[in-house]
Amino acid sequence: MNSVLETSVTDCHPASVPDYTPVVELRDLQLQRLQSVVTRAWRQVKLFHSRMDERGLEPEDIRSLNDIAKLPFTEKSDLRDTYPFGLFASPMKDVVRLHASSGTTGKPIVVAYTQEDVDVWTSVLVRCFAGCGLHRGDIIQIAYGYGLFTGGLGAHYGAEGLGATVVPTSVGHADRQIMLMKDFGVTAMCCTPTYFLHLIERAAELGVAMKELPLRAGVFGAEPWTESMRKHIEDASSIEAFDIYGLSEIIGPGVGCECRVHRGLHIFEDHFYPEIVDPTTGAPLPDGTEGELVLTTLSKQAMPMIRYRTRDITMLLPGRCECGRTLRRIGRIGRRSDDMLIIRGVNIFPSQVESALLQIEGTLPHYQILLTREQELDQMEVQVEVTTQMFNDKIGALQGLHDRLQNALDHVLGIRVRVALVEAFSIERSQGKAKRVIDRRAL
Amino acid sequence: MKIQQLSLFAENKPGHIAAPARLLAQEGVDIRALYLADTQQYGIVRMIVADSLKAAALLEAHGFVVKMTEVLAVEVPDRPGGLADVLGALDGTGINIEYMYAFPYSRGGQAILIFRFADPDAAIARLQTAGINLLASEELLNI
């Protein structure tokens, strides 16, 4: 074990040095940072302060890392309820970047970064890429969406920070993605795993031999994927596929990432403190037990998140990774404790569909969300039963209804979905209640 | 002069018109005219039946979404120019046709045009002034 550790440290990318911090030192650093972030949030964020008051807590009550369990949780609904800036701990003049992701209703979830936060974000992504064996000289194509979504810009800064050459293609235009991969000699790809499956399929149609490209690594995230998908990707493209984890509320991509051992994802614990709790009771669970991942940002300035309920179900893997990193690992995430759906890397809640339908009709018609995978791409169809109030015997009027539904859904969800008007009572009801989501995607 | 037309929503899939048709047949409801407007996804079945209230109640009881609309039935000679004459009478009046369909009937060499107008009252006044024959409900059903 020792020899592995020593070679790893001496051979590693300079940015990866914190990955090997001795455990005692790491825990000290975490406690110090936890105390400081709790103090900061207590002083600056009204909601957090009042929740501490309700529990009779003050920042001084955090004396050990175990005391974190005394702190109140933060939920996605807290971000929604304080929209847009209610959880900021920095004045706007210190905020250099805002991102937003879809919330549970029409309004998005807003996240903020100071320059220091952006630097931390970049540094953890550099550590992700370095852990995947990438370095200066690599050509990394970023096919995550650029814009309000944290995926594109997050990965972009990380790849630049690594010293690699970045090809910022953003998502879409598969043929152009493949042409650039080939013509530029791209060595690593960042995108959702299903988008990469789509590229593999499209490359085959275009007669591009993916296996003969210089491409050697893929860093895939923003949606759950499985070992069998990994095998399929690696067999079809001769690359090494890595799972990367993150969420906008915490920082974006780069909360954790696999190393070349591929046994779980290392959490960058010097910045993000992981806990596993019982999703129902919120009680802490020991390592090796499956539960909900709860994360605390230890160094975030603009928007500290204390005990954020991710709703992702996983476990903290016991023991040390063979790579020598002291960072704890989480298992790959396969499911969630809420009804959130991930479509082409975008988070969607069925309640968003409801709010869009309500906007148009005033009443909620029976509807169903049908998820399929066509040519390796997620497709979402919203089937809406045509009620007597909605029905009009002019085609133009029905087409107008269809277009209004389409626009409202596109606006609320932020992705293109299909809308199908279907006959009344055609959606199957079980015990009087319609099943809202039919997921026919095979992972 | 206004005639009750019954419309129902149907998905554009095999068998989706058969079900309501069978239902009307079982109850002895005679369909006098039928027109199907369709898109790739769905269609609208428009029909004029002998007893529209009974037919609507029957279909609704079986879960169909039904709408009653008022249309006009115009009788024209079944010869070239028959339709053009009617439309000519509407020229310059601003009266808008939302949709129409036509069917001939052999006896008497006449054809029937069914119109849905945005403003049926204005259309009735205009067509009658132009001497165009509008059929009453009973007349249409007794053809």
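Visitor: Which residue in S20(A) stands opposite A:Glu381?
Guide: This model is predicted: local features need pLDDT of at least 70, side-chain atom pairs count only at pLDDT 80 or more, and totals for chains, interfaces and linings use all residues. Residues are numbered from 1 along each chain as its sequence is written, while chains are lettered from A and ligands numbered from 1 in the order in which they are written. Helices (H or I, at least four residues) and strands (E, at least two) are DSSP runs, numbered from the N terminus. In strand S20(A), the residue opposite A:Glu381 is A:Arg418.

Visitor: How many bridges join S19(A) to S20(A)?
Guide: Two strands pair if DSSP finds at least two bridges between them. Strand S19 (residues 377–385) of chain A runs parallel to S20(A), and the number of bridges joining them is 5.

Visitor: What angle does the direction of helix H11 of chain A make with that of S20(A)?
Guide: Helix H11 (residues 395–413) packs on the sheet, touching S19 and S20 of chain A; contact requires C-beta atoms, placed from the backbone, within 7 Å. Axes are lines fitted to C-alpha atoms, for helices over the stretch in contact, and angles run from 0 to 180 degrees between N-to-C directions. For H11 and S20(A) the angle is about 140°.

Visitor: Which are the edge strands of the 4-stranded open sheet?
Guide: The strand order is S20-S19-S18-S23 (chain A), with mixed pairing. Each edge strand pairs on one side only; these are, in chain A, S20 (418–422) and S23 (437–439).

Visitor: How is H7(A) placed relative to H8(A)?
Guide: The axes of helix H7 (residues 174–184) and helix H8 (residues 193–206) of chain A come within 10 Å and cross at roughly 80°. Angles under 35 degrees count as roughly parallel, over 145 as roughly antiparallel, 65 to 115 as roughly perpendicular and the rest as oblique. The two helices are therefore roughly perpendicular.

Visitor: Which residues of H8(A) meet H7(A)?
Guide: H7(A) contributes A:Ala174, A:Asp175, A:Gln177 and A:Ile178. Their partners in H8(A) are A:His198, A:Leu199, A:Arg202, A:Ala203 and A:Leu206.

Visitor: How far apart are the C-alpha centres of the two domains of chain A?
Guide: Domain 1 covers 80–338 and domain 2 covers 349–439, with bounds from an automatic or database domain assignment. Their C-alpha centres are separated by 31 Å.

Visitor: Which element gives the most to the side of chain B that touches chain A?
Guide: The contact takes 16 residues from chain B and 13 from chain A. Strands S1 (2–11), S3 (42–49), S4 (66–77) and S5 (97–105) of chain B each give two or more residues to that side of chain B. With 4 residues, the element that gives the most is S1(B).

Key: Two residues are in contact if their C-beta atoms, placed from the backbone, lie within 7 Å.
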